[in-house]
Amino acid sequence: MDEQAPAVELKAITKTFPGVVANDDVNLTVVPGEIHAVVGENGAGKSTLMKILYGMIRPDGGTISVKGREVHFRSPKDAIASGIGMVHQHFMLATNLTVLENVVLGSEPTHGGVLDFDAARERIRDLSKTYGVPLDPDRLVEDLAVGERQRVEILKVLYRGARILILDEPTAVLVPQEVEELFRNLEDLKDRGVTIIFISHKLDEVLEIADSITVIRAGNTVATVKPQGVTARQLAELMVGSELPTPETRESTVTDEVMLSVRQMGVRVGERWTLQDVTFDIRRGEIVGIAGVEGNGQRELVDAIMGMRPPQQGSIHLGGEDITLWSSRRRREAGIGYVPEDRHLRGLLLPSPLWENAMLGKQTMPPFSSGPWIDRRGAHQRTVEVIREYHVATPGPDTPALALSGGNQQKLIVGREMIAEPKVLIAAQPTRGIDVGAQAAVWEHIRGARAAGLALLLISADLEELIGLSDTLYVILRGALVAKLDPATVTPEELGSYMTGAREAASR
Amino acid sequence: MSWAAVDTAQVEGEKGRRLEARRILYLLGLVMLMLSAVRWFTDASDLTSSGTYSAALRLGVPILLAGLGGLYAERTGVVNIGLEGMMILGTWFGAWGGVEFGAWWGVVLGILGGAMGGLVHAVATVSFGVNQIVSGVAVNILAAGVTRFLSVIAFTGHGGGATQSPQVTSNLPNLTVPVLAGGKPFGWQSPDLLGWFERQHWFLVSDIAALFRGFMAELSILTVITLLLVPATYFFLWRTRLGLRMRSAGENPVAAESLGVPVYTMKYLGVVISGALAGLAGAFLVLEAAGIYREGQTGGRGFIGLAAMIFGNWRPTGVAAAAGLFGYADALNLRSAQAVHALLLFVAIALLGLAVWYLIRGRISAGVLAGAIGVLVFVWYAVTEDVPRQFIFITPYVATLLVLAVASQRLRPPAADGLPYRRGQQTS
Amino acid sequence: MNIRIKVALLWLLVPVSAIVMALGVSSLVLIIIGENPLSAFRSMVSYGTQPNSLASMVNRAVPLYVAGLAVAIGFKMNLFNIGVEGQYRLAALLSAAAGAAVSLPAPLHIAFIMLVAMAVGASWAGIAGVLRVKRGVHEVVSTIMLNFIATGLGAYLLANYLRKPRLPNELIIQTRRIPPSGALPNLAVVGGEDLRSFLVIAIAVGIAVYVLIWRTRFGYDLRATGINPEAARASGVDPNRMIVRTMLISGAIAGLIGMSDLLGFFHAYTLDFPTGLGFDGIAVALVGLNHPAGIAIAALLFGWVDRAAQILDLEGIPKEVIIITKGVIILSVVVAYEVVRRIVQAQQIKAAAEATRRLEAKKEAVAA
């Protein structure tokens, strides 16, 4: 084994899924003991690449070498045996168990079947001290903050002997102080010879922490650079491939008539205020965008507006009427539409035919029902319309929803909401999982509806979507609206720093 | 987070646990005091006699076993509504084994019978993904049918019938603690100190003596085994590798699978153990309590066991306490109508006390409700001489409902309890 | 093959495999106890297909059918009303007492009795619904407890308040007799067996349940809640109201379970009144896959099996082997349902992808 050999070397990795090339001749070389960032947009191929490196997927072509030796991983177990550990974006922790129990699960130290708690505790404390990851082994994971839980995940992989860590979007759910702590931990780990691969799309962080950066775009390696020699703007251009999207100049369709008004909304879950003092208006013909890292109160905001979670404070008005105490159904009937963030969880009845799915949310209104009865004919007709106008690829309105691809399912949902000509549409990640062509078509529909007077609340992680569609752009952080920006003039650094709390807005 | 903060956190955690244990002891003391007072006032000595406590223990054992069984299954994430059916299998095989081969064989066969029922439930829910409640209901129906059929084959014409077995004599050993409770070590009749204290009918002292004596006299070996199962379950599930893996299957099976834990195997283990414990409960019912198999003798104890598990917050000691409570209600039921009537007074006082507690805390509506019901119960006590037989019969079931209604809110079941799990599924 | 036909055939596998399993296991059991399964089955078929047996089958099936409907409404929403047993018995007792206490012209009298029964059943089930909504008590345990409580309460009421004054020779405790205006005549006499006319009402209830579940807004909400409660909530369904309403409807139908026997045969509630119909109803609902048509077939099947098995005793074969048969049917159905469901879904996905591909190709050809 060559000491100077790269810790990890991926050469000419190719992977295709039906219909899409995820990785096309990708190369990645990671020097031992460095922090190497892999950046790219959603869908650029980073996650596929990392899954290959972690043994979760087998590549169609190319080689993987660890510490100079070529390896073939059949499962994550092989990767772990080679010293690679993955810290997933969505933590895999049992919250009712202690830190110790979560860390040792599956590799428990025992005295003939009985857990050797002392040995486990000692080893965990050792690891904690050695790698600078302070944690109390006997605390319940439930009582830990998000940043601490991430440390448990890191400890999990260190416990199994990992010397190469892959972190998948580690700062996605952290607040600024936790990000700082994480970076300090990573530096400590680096000092002890651990190699770190850091996947992210947050360019400012990447520039701060990484020793070298590989940019991936559309399945290819575009460049490998050193942070000293590049600016965030240049990195962004490498990632996106061209200039950042500029919203097209057009005539503003925003009117003066306020359709939805949210005032001092506050939602408390247990002791924590997940939403605080949120106030904004949406006018006829206006799209209000809300940008923010996932988990900062967007879900609670949507739930409160849709009537699924009553707010502890504040009020909501629809076109002048106070709807704060209205039921979910009443709000729907009054003309609020909803494109949910998780279509499988909230948007569809998967085993049911499309026409029954087209009714979801509107089952008490024509054309789907008249009186207490369901109007099957009306439902079928409406479904056929949606299929036609929104290009949902399906044999017909009787096909079960589970038989459609994710993108077509999403198109159906967007279509059924928009075709009902709602007064206000709440759209959370409306184009998630749709291919680029369909995405553009949906955006066209949205723009058309806006011109016809729709008021739309857009919550999205797609910056292109937010900047391209919004008339007004807010940033949400820890449950509060911290900035009100003009999409036409905002810069990515500005937007990113508000989203991560680096800069507080002086005004709204 | 600094290291100093880490150490204080651990100390605080321990302090919290000690506080809770002390709280429970205080509560227990208060209850004893009240019971003692009511006994003294109403002269219903059965309310706190060692005979009643003994009976409570004996009647609580099947519920405790069922509750522990439910706990094993739910700790691995599988809801087991079929406990009743598995207990029925335990009664039948316990009786048949007892008649054919002897009491100990009855116990073994009862356990195996229940375990078989558990296996069926496990195969249906874990391997085939059948809805857990549906599968449990199906197991109950199947068990009732199978035992009826087997009774016709094995018992008719042999001293029994389609719905009952011949008499089963049980020669399982009984234990009685010497000196304190009049046990007979090596044939020497020792003094019965606690019994003497009990017979003085002194306020509180006699009642506490009776409580201890109830736990020391005429204990079936099966009872002792069952009581030992409580700390054993704690040790197994919280202190061994296998136990941790089983619990992980019920908390986050996806995470466990990703770490190499065979989740399906863990669930199978939990459900089969659950069936085995229910089978033991059935065997106990036949061999220790009734001396005979009778159709329907489980009387819903499988479900009451589930209620005990819920009330016990899915922890072994909690289940034991809840089972004791239900056993006590059952025991009063059987021993003395006067005691049941006196219990009304106890319940009334308890409710009024609760009402005061709520009102002090500012929870007006809860306080008023508790107070109103307390007054009603007191009136019922004052106006009647006794409680009708049919109402005595339903006491444990009403108690279960009340317990669930009060307790269901602030509990902590295993995080993935009742959720279907298919191998290879991803978190969203 | 057309995907619809394929799917229908696949679903047919469920009852077929269940019956095959049941026959297999029953034969095995019979062989083990030294009997000849073929001759047993032959006897059953020849006895069971006589006209009076068929009439008896229908009579037995009717209360089973109603019980299955009551249970299925809840099951469709993942609401497990196991308390049907207690609901129907309490309803039968109280409606019999009420029916004996009034005197109304014939159709009204019967309707009155039925309404009382429905009200009692609905209220008793409603208790469990409220407990679930307000206190989070799972309805399986609460309804089972309520079953036992209903037994005790019913016994108490019957013994102390509702009983008919006893004549010197009478041993049975029962309610006062319902006057003839409260009795349902028989539909026909088939081979010496009375065919009870509650059959007609039961069929009407079945149709009503079908319409309710598949053709009304309420039914849509109910099915949506059963399929995906989160999506149903997001679409405006109030889960608490749904739970209470569904329990009330389920309990109301449960109240009717005893009506066929009460109005057509017993005319009073006695301690001999048929028991166990509630649990049999659960079995029938499961085997019928919670659909009124399937439940009808399942009820007839169970009714036939019960009747046909009577002959076995005469041949020296314990008729209780039938109970095992029924149990195996139930278990096989629920397992087969899961397996077939997954196969069906995979087939649907494949067929839709294929059909879509063809459609898109056609579109391109037209555009070119």
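In what order do the strands of the open sheet of four strands in chain A lie? In this predicted model, the order is S14-S13-S16-S17, with antiparallel pairing; strands pair if DSSP finds at least two bridges between them. Residues are numbered from 1 along each chain as its sequence is written, while chains are lettered from A and ligands numbered from 1 in the order in which they are written. Since the model is predicted, local features need pLDDT of at least 70 and side-chain atom pairs count only at pLDDT 80 or more, whereas totals for chains, interfaces and linings use all residues.

At the edges of the chain A sheet sit strand S14 (272-283) and strand S17 (321-322), each pairing on one side only. Helices (H or I, at least four residues) and strands (E, at least two) are DSSP runs, numbered from the N terminus. Strand S13 (258-269) and strand S16 (313-318) of chain A run antiparallel and are joined by five bridges; Val262(A) has Ile316(A) in S16(A) as its bridge partner.

Chain C, for its part, touches both other chains. With chain A, 24 residues of chain C are in contact with 32 residues of chain A, contact being C-beta atoms, placed from the backbone, within 7 Å. H15(C) gives the largest share of this side of chain C, eight residues.

Turning to chain B, the contact takes 34 residues from chain C and 36 from chain B. Here too H15(C) supplies the largest share of the chain C side, 11 residues.

Technical notes
Contact = placed C-beta atoms within 7 Å.
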